[in-house]
Amino acid sequence: MNRLFIYGTLMPGLRLEAEMQGARFVGAAQVPGRLVDLGRYPGYQSGEGLVTGEVYEVDDAHLARLDGVEAMVRGDRAASQYWREEVTVLSGALQGQRVQTYVYNRPVDGCTLIPHGDYRRYIREVGRES
């Protein structure tokens, strides 16, 4: 099983939640990094700050499907919109453990930083649908 940290439209109640059907919820978590507003979805980048999300267990076939959803081309980072990387969980039941997440793999010049790193809160604040 793979442990995957999600932070955007894949989360329950948001636009792509159906893509997570069959995954097992492990717990809420925060990881180091920052989120930027890319319009219809957020992008995670490593760096200063905290990003709030949830960790799920997914099998290899499910992870391969999610790679497609996230426009990740296995073995070709340059062609990928997102790239799966490992991050360390800073809070929650999995504190100190390594999990995978999708890192935005394109320039973010001109994109708005989501200052608190919580996408659900952000879309409520700006009055946007997921």
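Helices here are DSSP runs of H or I spanning at least four residues, and strands are runs of E spanning at least two, both numbered from the N terminus.

**View 1. Secondary structure of the predicted model.** In this predicted model, the secondary structure of the chain amounts to two helices and six strands. Followed along the sequence, these elements are arranged in the pattern β-β-β-α-β-β-β-α.

**View 2. Overall dimensions and packing of the chain.**

**View 3. Surface and interior of the chain.** Of the 130 residues, 45% count as buried, a class that takes in residues with under 20% relative accessible area. The chain as a whole exposes about 6600 Å², and carbon and sulfur atoms supply 48% of this area.

**View 4. The largest pocket and its lining.** The largest pocket has a volume of about 210 Å³, and 17 residues line it, with Thr9, Tyr41, Pro42, Glu70 and Tyr82 lying nearest its centre. Strand S1 (2-6) and strand S5 (98-104) are the elements that each contribute two or more residues to this lining. Sorted by class, the lining of the largest pocket consists of eleven nonpolar, four polar and two charged residues.

How values were computed. Residues are numbered from 1 along each chain as its sequence is written. This is a predicted model: local features need pLDDT of at least 70, side-chain atom pairs count only at pLDDT 80 or more; totals for chains, interfaces and linings use all residues. Side-chain values use heavy atoms; hydrogens and water are left out. On a 1 Å grid over the protein atoms alone, a cavity is a set of points where a 1.4 Å probe fits but cannot get out, and a pocket is an open set with protein on both sides within 12 Å along at least five of seven lines; lining residues have an atom within 4 Å of a point. Grid points are joined across faces, edges and corners, and a volume is the space filled by probe spheres set on the points. Ala, Val, Leu, Ile, Met, Phe, Trp, Tyr, Cys and Pro count as nonpolar, Asp, Glu, Lys and Arg as charged, and the others, Gly among them, as polar. Buried means under 20% relative accessible area, exposed over 50%, partly exposed in between (1.4 Å probe, protein chains only). Accessible areas come from the Shrake-Rupley method with a 1.4 Å probe; for residues, only the protein chains shown count as cover.
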